[in-house]
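User: Hi! Could you walk me through this one? I'd like to start with the ligands and then look at the sheets.

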Amino acid sequence: MEKRPLRILSIETSCDETGIAILEETGQTSITILGNALASQIEIHAQYGGVFPALAKRAHAEKITFLLEQALSDAELLEAVDSPLEGIAQRLSFLDEKETTLKEGLVPFLTYYKTPAIDYIAVTVGPGLEPALWVGVNTAKALSSIWGIPVIPINHMEGHFVTAAFLKKDESLFDLSPVTFPALALLVSGGHSELVLSDAFGSYTKIGHTRDDAVGEAFDKVARILGLPYPGGPAVSKLAKEWRDANNPPLFHLPRPMLHSGDYDFSFSGIKTAVLYAVRDLCEQDGAKRDLTEDEKKALACEFENAVVEVLVKKTVRAVHEHGVQTCIVGGGVAGNTYLREELSRTIKKEFSYVTLLFPEPWLATDNAIMIGMAAMLQANKAPLRQGFAGQAKTHNPNELRADGNLSL
Ligand code: KG4
Ligand code: ZN
């Protein structure tokens, strides 16, 4: 048989993005993205200002087969069978009770297309919204059982972690940068805010986490209070920048929760509540109500972003110092925040010029399947991509695969 490069099909459904990607190992330390299909549910959730698990599950199930076809077709790996395969519906009977929509899509797909030339199926098994995660996990189970291809379960946070270490060479080619350990990752998204130490890929220790809301969640809630669209991060950040760039003075002061707590934990729900009270104080007086002015919105957004970024940067920098960190990584949707990037870069450069700071490509900072494929690639690849990887590639009996909403690194 012709020797061909290692290929992985990856699946991401942990929150409100449905993603399928196909990655190929290319050369010494690089990977090529052969296919990448992503469907966002932003429009579905925007009307509620947050993600509803049952709606997310349905949207994943409705879209995922189409995305599989699209990613495989882009990778030139989608080939029709000569005659339809029989018995697929029966073999997927485990989907009958809870995943009827998914089954409706997968049965014709698996009946009319050949097994593609891939080596592993990688899937996010947690953390995330459990009903949403199960759609991806059940898709992996179905593909694995019909195609006979092993599954690599991936922790979503490891996906965010490794993505920043892959540097973009051109549209689809990424090179693994030589990460010097110990590395520290600030992982900040809609569901998580944590500081993670790593002495090798595959070996992680969480040293701090949020005790209540995640940073992205706080951005989303503040956006809602200010009457801005979901997801709130980019919208709040845009207003904040307008106020900051105009050199306007602060009109408000918000707390910096747990700034001096002496540990690496965070708390963001208090800042959000402080924004709510500030708006109430301004707009509801003597029984009369008014709207916020545009300037008040900008000033509040700016002070909120200042407060959040100050806490994130201070705690990250302290961890860099106290743990002798050589590489600092930022991952997750909030890693796309320009002000966080600027402030962290400025502080690290000034105080720890020997530390390498890595951010993901902005379009890879929010959830996608490429990051899941990248994490799986580090596990599955023999060498040298795998240099510095501490664990073993963990393939699973598909029948034992489980989604775990609270999975920890
Ligand atoms: O990683 P992600 O796509 O999904 C989760 O795993 O949660 O992160 C989405 C979160 C949302 O809360 C969104 O408001 C936030 O990331 N976000 C941002 C920015 N872009 C996305 N927050 C602040 N600034 C941004 N530029
Ligand atoms: Zn995420």
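This is a predicted model: local features need pLDDT of at least 70, side-chain atom pairs count only at pLDDT 80 or more; totals for chains, interfaces and linings use all residues.

User: Which polar backbone atoms lie 2.9 Å and 3.0 Å from an oxygen atom of ligand 1?

Analyst: The 2.9 Å distance belongs to a polar backbone atom of Asp367, and the 3.0 Å one to a polar backbone atom of Gly233. On the side-chain side, a polar atom of His160 sits 3.3 Å from an oxygen atom of the ligand. The protein covers 90% of the 550 Å² of accessible area that ligand 1 has on its own.

User: Nice. Now the metal: what are the protein donors of the zinc ion?

Analyst: The zinc ion (ligand 2) has His156 (NE2), His160 (NE2) and Asp367 (OD) as its protein donors, at 2.0 to 2.2 Å. Their spacing along the sequence is H-x3-H-x206-D. His160 belongs to helix H6 (residues 156-163), while Asp367 is in the loop between helix H12 (362-365) and helix H13 (370-380), so that pair links parts of the chain 207 residues apart.

User: On to the sheets. What is the strand order in the open sheet of seven strands?

Analyst: The order is E5-E4-E1-E2-E3-E7-E6, with mixed pairing. Strand E5 (151-155) and strand E6 (166-168) are at the edges with a single partner strand each, so one side of each lacks a neighbour in the sheet. On average, neighbouring strands here are turned by 30 degrees against each other, direction ignored.

User: In which sense do E1 and E4 pair, parallel or antiparallel?

Analyst: Parallel: four bridges connect strand E1 (residues 7-12) and strand E4 (residues 120-126). Ser10 stands opposite Ala122 in E4. Helix H6, which carries His160, packs on this sheet too, touching E1, E4, E5 and E6, and its direction makes about 80 degrees with that of E5. Helix H5 (residues 130-147) lies across E1, E4 and E5, at about 155 degrees to E4.

User: And the sheet of five strands, which strands stand at its edges?

Analyst: That open, mixed sheet runs E10-E9-E8-E13-E14. Strand E10 (203-209) and strand E14 (356-358) are at the edges; each has a single partner strand, so one side of each is left without a neighbour in the sheet. Neighbouring strands are turned by 20 degrees on average, direction ignored.

User: What stands opposite Ile329?

Analyst: Leu358 in E14 does. Three bridges join E14 to strand E13 (residues 327-331), and the two run parallel.

Notes: Residues are numbered from 1 along each chain as its sequence is written. Chains are lettered from A and ligands numbered from 1 in the order in which they are written. Side-chain values use heavy atoms; hydrogens and water are left out. Two strands pair if DSSP finds at least two bridges between them. Axes are lines fitted to C-alpha atoms, for helices over the stretch in contact, and angles run from 0 to 180 degrees between N-to-C directions. A polar contact is a pair of N or O atoms within 3.5 Å; within protein, one must be able to donate a hydrogen and the other to accept it, and residues adjacent in sequence count only if both atoms are side-chain atoms. Accessible areas come from the Shrake-Rupley method with a 1.4 Å probe; for residues, only the protein chains shown count as cover. Donors are N, O and S atoms within 2.8 Å of the metal (3.2 Å for Na, K and Ca); water is not among the atoms, so sites may look incomplete. Contact means heavy atoms within 4.5 Å.
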